[in-house]
Amino acid sequence: SLTSLRLDYNSIQGSGEAFGEALKMNSSLKELSMVSCFLDTEDGKGLATGIAVTSSLSSLNLDINNIRGSGEAFGAALKTNSSLKELSLGNCSLNAADGKGLAAGLAENTSLTVVNLLSNNFDTAAAAALLKVKQEHAKLTTLCGFTEGGLTEEEDDKNDEDTEEQDDKNAKDQGRTIDLCGDNLGPADAMLIAPEISVMTWLTSLRLGSNFLKEEGIITIIDALQSNKELELLSLDISSNDFNFGPIEEKLVAATLAMMPSLTSLRLDYNSIQGSGEAFGEALKMNSSLKELSMVSCFLDTEDGKGLATGIAVTSSLSSLNLDINNIRGSGEAFGAALKTNSSLKELSLGNCSLNAADGKGLAAGLAENTSLTVVNLLSNNFDTAAAAALLKVKQEHAKLTTLCGFTEGGLTEEEDDKNDEDTEEQDDKNAKDQGRTIDLCGDNLGPADAMLIAPEISVMTWLTSLRLGSNFLKEEGIITIIDALQSNKELELLSLDISSNDFNFGPIEEKLVAATLAMMPSLTSLRL
């Protein structure tokens, strides 16, 4: 009478043949799941013999098993099987030959509707063979495990009476996301994904970060999104995909973004797209919906910074920009000029961007005239004390600008803070303390100028319980600045302080000051020097 069996995440290598024989004899089992069971090639072939014969099994999931070399056996089984509706062989180390073997089987199969073959090691020829089969078999709706309207099979079954329009509306109402971050996707996977997203109307968020799509895969995805005229995509994450664009690709991506009227969030972090600043600056001028843009560690240079600044000066929609960890030294004046006219940005992060003293003063001039920014991060740059002083003067004169260090009220992120908008200040502080709020800036290349920016903010924090500033270059003057700020904060209940490895060498006066301050911190339980 057994209809469903789940064996996921058990080490049962060597059991494939036995389960294959069981499938031949069992006439009731409909669902079998063996995700990450350490199955190997012979297990795959053994299971395939049962698939060829079973008349009851409708769903089989073998994701995350190393069954490379069993594709031909599964293909042969699919030619005779007429009961399977869903088959998932994602992340199974299948190679190009396996892909072609599966394509041959799918070409003759008449029952399958949902197949997942993503995160394998197919080449483009194998992907093309699989796509050809899908195009010729209308019943086979996906090779990526996607289901209509973004619904799972269970959800879809519940909504069988819904019209296509109702399905799409339900999907949009629920903010449908395809999340494939960190799924080991390559260019061949992009080929399988592209034709499916090119016709989706329900998709609102596409997350493809931390994969290996490279230039060709990203372009394939962008082309598909560009061709979908009914799509209202809100969020796109293609960060950390090992791509290095040339001028043509940069312009294509930027142009596509400019033509996505619904896109509100874009993440490009950890990709090598040096030289793309001007193109993205032009895209920002044309796009009127994008609210969040993140380009962390994208190898951007001075000219890229200046190019982006031209778009910042014009955009009326962008509210958050993160350019951390890019060498955009020399672009501070351009960003400052842009900030004078921009009235949409609320958050700007230029941390660890190699900005120098002149850049700091240029930014200060822009911040002095900007009316919208509330959260700015300028830590880990190369400002001198004069630039830091100029920035602090602006902050003191603009109550709306709450931070120059990226710190947010009560230690909460912007998202957390939004959720607690109705909380009183006392409630915010209590929430922060309850969660043991930490500022961790260890190893962030901080110097004395950074200490100047940090000090006035920690001097008024009541929620801070742990301050970690180890492995920096604060030197004597920076440490004294921090200690003075902590000493002035009479409401602070700091539990842990780490100022180790900061290249300081105190004299007798400084030593006494620090010792006296620490003695006046009754809550301190941990100190690292």
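In which sense do strand β9 and strand β10 pair, and over how many bridges? Strand β9 (residues 265-267) and strand β10 (residues 292-294) pair in the parallel sense, over three bridges. The model is predicted, so local features need pLDDT of at least 70 and side-chain atom pairs count only at pLDDT 80 or more, while totals for chains, interfaces and linings use all residues. Residues are numbered from 1 along each chain as its sequence is written, and side-chain values use heavy atoms, with hydrogens and water left out.

**View 1. The open parallel sheet.** Eight strands, in the order β6-β7-β8-β9-β10-β11-β12-β13, form an open sheet with parallel pairing. Strands (E, at least two residues) and helices (H or I, at least four) are DSSP runs numbered from the N terminus; two strands pair if DSSP finds at least two bridges between them. The edges are held by β6 (177-179) and β13 (375-377); each has a single partner strand, so one side of each is left without a neighbour in the sheet. Within the sheet, Arg267 stands opposite Ser294 in β10.

**View 2. Helices α18 and α19.** Helix α18 (residues 448-458) packs against helix α19 (residues 475-488) at an angle of about 0 degrees, with the axes 8 Å apart. Axes are lines fitted to C-alpha atoms, for helices over the stretch in contact, and angles run from 0 to 180 degrees between N-to-C directions. The angle makes α18 roughly parallel to α19, a term for angles under 35 degrees. In the contact (heavy atoms within 4.5 Å), residues of α18 including Pro448, Met452 and Ile458 meet residues of α19, among them Glu477, Thr481 and Leu486.

View 3. Gln274 lies in the loop between β9 and α11 (277-286). With 43% relative accessibility, Gln274 counts as partly exposed; buried means under 20% relative accessible area, exposed over 50% and partly exposed in between (1.4 Å probe, protein chains only). Gln274 and Glu303 are 29 residues apart in sequence, and their C-alpha atoms are 9.3 Å apart in space.

**View 4. Two loop residues with positive phi.** Ser36, although not a glycine, has a positive phi of about 50 degrees. Ser36 is in the loop between β2 (31-33) and α2 (41-53) and counts as buried at 16% relative accessibility. Asn445, also not a glycine, has a positive phi of about 60 degrees. The loop between β14 (438-440) and α18 contains Asn445, which counts as partly exposed at 36% relative accessibility.

Notes. Parallel < 35°, antiparallel > 145°, perpendicular 65-115°, else oblique.
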